[in-house]
2 protein chains.
Amino acid sequence: MGSGKTTSFDIAHKAGVSQATVSRALRDSPLVNPKTRERIKQIARELNYRVDRSAAGLRSQHSKTIALLLYEDPTTDDSQINPFFLSLLGHITRTAAAEKYDVLISFQQLSDDWLHEYQISNRADGMILLGYGNYAHMAAKLTRLSDEGARFTIFGLSTADLKGHTISGQNLEGGELATKHLVSLGRKRIIFLGDASDEHPEFKLRYEGYCKAHQEAGLPIDPSLKILSENQETAGYEAVAQLLESGLEFDALFAVTDLIAFGALKCLRKSGIKVPQEISVVGFDDLPAASYFSPSLTTIKQDTRLAAEALVKNLIGMIKGEDVQSQQLPLFLKIRGSCGGRKT
Amino acid sequence: MGSGKTTSFDIAHKAGVSQATVSRALRDSPLVNPKTRERIKQIARELNYRVDRSAAGLRSQHSKTIALLLYEDPTTDDSQINPFFLSLLGHITRTAAAEKYDVLISFQQLSDDWLHEYQISNRADGMILLGYGNYAHMAAKLTRLSDEGARFTIFGLSTADLKGHTISGQNLEGGELATKHLVSLGRKRIIFLGDASDEHPEFKLRYEGYCKAHQEAGLPIDPSLKILSENQETAGYEAVAQLLESGLEFDALFAVTDLIAFGALKCLRKSGIKVPQEISVVGFDDLPAASYFSPSLTTIKQDTRLAAEALVKNLIGMIKGEDVQSQQLPLFLKIRGSCGGRKT
DNA sequence: CTGAAAGCGCTTACAG
DNA sequence: CTGAAAGCGCTTACAG
C-alpha cells in the first residue's frame, strides 16, 4: 500500500472498518466482534503491521517500559558490575517481558533526577533501583521520590518507611544461618567481614544475625572480630591481608557478600592458609562463581528469580495503581567445601 | 501551569516566545538567539520540564533507543547468561548513554521478528545482537534482515557478506596465540576443546589458528585431539570427563572459551590431575572469574570495552546513514598460572 | 532569528 | 458492536 509505513488506517481500509476498530481489535478489546477481530489481526499479520510505540505512548501516556537503574559506587572502577545484580538482570527482563513491558537499562551515578529523566519524560512508567551506595544519603531521597509520586522498587532494603517499594532477603536470618553453621562446626572466633554501618542497613542486619547466633550459642561477641570491608573483591583481599598481618586470632570468616569472600579466599590461598582446615569461610549471595574456588564456597543463597519477580510485579502493580506489599524473601544455607564438615 | 503536566507550551508562555522556539532552544538549535536559548533553558529547569519522549519519537520517527538482544541457546537452562556478553553490557550502555541513546534489553529466543518487534514498531532505531546460536540457521536471516533495511550490529562474526554489521575479535590470531604459547612451553599433544563446526565460525577460526601454530612449529595436526564441547561450563566438564575415561594421551588443553575452560578445570581438579604440571590449560575471553581458579586461568583477552564501543558506534553510524566498516579487534595473551612457565 | 501551522499514529471518550 | 472526532506533545517545513 503506498509508499510510507503501514499504519492502522491501512489495515482499516483493507478490512473495511474504521481505524478505531482496528485499534480496538489489536488490543483485544471485548468491544469488537470476534470475527471482525480475527479478520483484522490476519490482515495486520499479512502486512507486517506493528503498532507504533511512540504514538501509542503519547496518546495513552504509558510507555509500557520500566527502567532498570544500576547504581555503581563511584569508588569502584567502571569496568566491573556487581555480579549479584547481573544475576537479577535476566530474571527481571524475562518477568517484564511476560507482563508485556520493555526494560531500559542504565548504569550510572546516582542522579537527583531519576524521576524526571525517566518517569516525567515518559521514557519509563517506573524504575527498579539496584544498589544505592551510601544509605544515609539515599534514605531521604527515596522518601521524597515516593512522596512525589515516583513509581519504583528497590532491592536490598527493608526499611518500614518505604512500604511496598522494598524487596530484600531476610538478612538477619541469613546472617544468623551463616554464623550458626560455623558455630555448629566448632568455630569460636568468627570474623565478620563487611561494612555493617548505617550506610548499609542490609549488611548491618546480617551482622545482627551474626550477633544473635553468638548469643544463642553462649559465645561472647568480640567487637575486634568485626572487620570493615567495602563490597568488592579487592577490598576483601586487602582486609584479610591486613588481618593476617595484625596477628589477630580467628578460626572462621563470615564475609557479608560472596564478592568479599572471593577476595578473602584469594588472600588466604596466597598466604598458604588451608581452607577449611585452618579457617572456615562462608559467604552471602551464592554467585555462580562460588563453585569455582577450591574448596568451593559455602554461602547463603538468595533466590534471584523470586527477587526479580517481586521487583517487577510490585512495580507494575504500582503503575496500575494497586496496593503492593514489601517482601522479605527467605534465604538458604548452601553447603559446599569452604567450612569443612559435610560436603567438599 | 495549572493541573496537567508541564509542556513546551507552558515554557513558551512563561518565556514569552512560541512553542516552536522552545523546542528549538532545548535541542540546541543554532537557529535560536543564544540569550533566548539560555532564558528558555533556565525556565525549563525551574519547572522541572522534560521533553516527552513519546511525542518527540512520534514526530521525528526516531526513538533514540537501541535494543540489545541477547540470544540464549534454547538448550541451556534459563538462569545463566553467557558471562562474556554480560561483560559487554556495561560498556555498551555507557557508550550509548554518551551518545544520548537509551538501551532496551531483551533476553530471548531468536524470533524471526526482531526487525518488526523493534524497528518497525518504533521501539528502537537499531539493534545489537549478541549470540546467534547456530550460524547455519542465522546466516540467511541476517542477510535478509540487512537487505530489508534492518539496522543492526552483531558481535563474534566476521563474515564478508555482512559489511559493517559485524564486530569480532581476531579469532584466528587468538587461536594461534594461545596454541603457540602452549607449544613454547614444550606441549606436544594439545586438545582443542569446543565446537569448531560451521555452526560457530568464530570458534572455527580459533581452530584454524590452532592448526596454523602447529604447522609453524612443525607439529602434526591430530584430528583425534579435536574434541567437541558446547559453550557451557557443564559441557566442558563432561567433555573432559569423557576424554580422561577414553585414555587418550594429551599434555595440554585449549578451551575455545573460558566458560568451557572453567568446566575443564573443575573436572581436572576433581580427577586429581595437576594443572599445569601434568596438563596445561588455556582459555579464551578473559572473564572476571578466570582469576578465581587455582591456578588461575591463562587466557586470550578480548577487549570488551573496544568491542562495545565499536558495536554502538557502528550502529549509530548506520542509523545516521553513514558508511561504517566492520572491525576485527586485536586479542592479547594473558598469562596466569594454568599453563606453567612464567607466572603463577 | 522567530512564529503559525501541520501532522506524526495512535487511544479513547462520545454518540449511536 | 462500530465510527467520527479529538487530541496526546512534540518537530519541522514554510514563510517572514
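Predicted model: local features only at pLDDT ≥ 70, side-chain atom pairs only at ≥ 80, totals over all residues.
Residues are numbered from 1 along each chain as its sequence is written, chains are lettered from A and ligands numbered from 1 in the order in which they are written, and side-chain values use heavy atoms, with hydrogens and water left out.

**Where chain A meets chain B**

- Contact here means heavy atoms within 4.5 Å, and by that rule 47 residues of chain A touch 47 residues of chain B.
- About 4200 Å² is buried between chain A and chain B, with carbon and sulfur atoms giving 51% of that area; buried area is the accessible area (1.4 Å probe) that two parts lose on being put together, summed over both.
- Arg50(A), Arg94(A) and Tyr292(A) provide 18% of what chain A buries against chain B, more than any other three residues.
- The rule finds 18 residue pairs in polar contact across the interface of chain A and chain B, both residues being at pLDDT 80 or more. A polar contact is a pair of N or O atoms within 3.5 Å; within protein, one must be able to donate a hydrogen and the other to accept it, and residues adjacent in sequence count only if both atoms are side-chain atoms.
- On the side of chain A that touches chain B, two or more residues each come from helix 4 (53-60), helix 5 (83-98), strand 2 (102-108), helix 6 (114-120) and helix 11 (258-270) of chain A. Helices (H or I, at least four residues) and strands (E, at least two) are DSSP runs, numbered from the N terminus.
- Helix 5 of chain A gives the largest share of that side, six residues.
- That side of chain A divides into 17 nonpolar, 15 polar and 15 charged residues, where Ala, Val, Leu, Ile, Met, Phe, Trp, Tyr, Cys and Pro count as nonpolar, Asp, Glu, Lys and Arg as charged, and the others, Gly among them, as polar.

**Around DNA strand D**

- DNA strand D is surrounded by 29 residues, the closest being Arg24(A), Ser8(B), Gln19(B), Ser23(B) and Arg59(B); a residue is near a molecule or strand if one of its heavy atoms lies within 4 Å of it.
- Of the atoms of DNA strand D that come within 4 Å of the protein, sugar and phosphate account for 57%.
- The side chain of Arg24(A) has an N or O atom 2.4 Å from a base oxygen of DNA strand D, while the side chain of Tyr49(B) has one 2.7 Å from a phosphate oxygen.
- Ala55(B) uses its backbone: an N or O atom there lies 3.4 Å from a base nitrogen of DNA strand D.
- The surface near DNA strand D has twelve nonpolar, nine polar and eight charged residues.

**Salt bridges**

- The whole structure has 24 salt bridges over all chains, each a side-chain nitrogen of Lys or Arg within 4 Å of a carboxyl oxygen of Asp or Glu.
- Two salt bridges are counted between chain A and chain B; Asp102(B) forms one with Arg123(A), at 2.3 Å between the closest N and O atoms.
- Lys41(B) and Asp28(B) meet in a salt bridge at 2.6 Å, N to O. Lys41(B) lies in helix 3 (residues 34-46) of chain B and Asp28(B) in the loop between helix 2 and helix 3, so the pair ties together parts 13 residues apart in sequence.
- Glu233(B) pairs with Lys266(B) at 2.7 Å between the closest N and O atoms. Glu233(B) is in helix 10 (residues 233-246) and Lys266(B) in helix 11 (residues 258-270) of chain B, so this bridge ties together parts 33 residues apart in sequence.
- Both Glu233(B) and Lys266(B) are buried; buried means under 20% relative accessible area, exposed over 50%, partly exposed in between (1.4 Å probe, protein chains only).
- Glu176(A), Lys180(A), Lys212(A) and Glu216(A) are linked in a salt-bridge network.

- Trp114(A) sits in helix 6 of chain A and is buried, at 4% relative accessible area. Its contacts beyond four places in sequence include Leu69(A), Met127(A) and Leu145(A).
- His200(A) is in the loop between strand 6 (190-193) and helix 9 (201-217) of chain A and is buried, at 12%.
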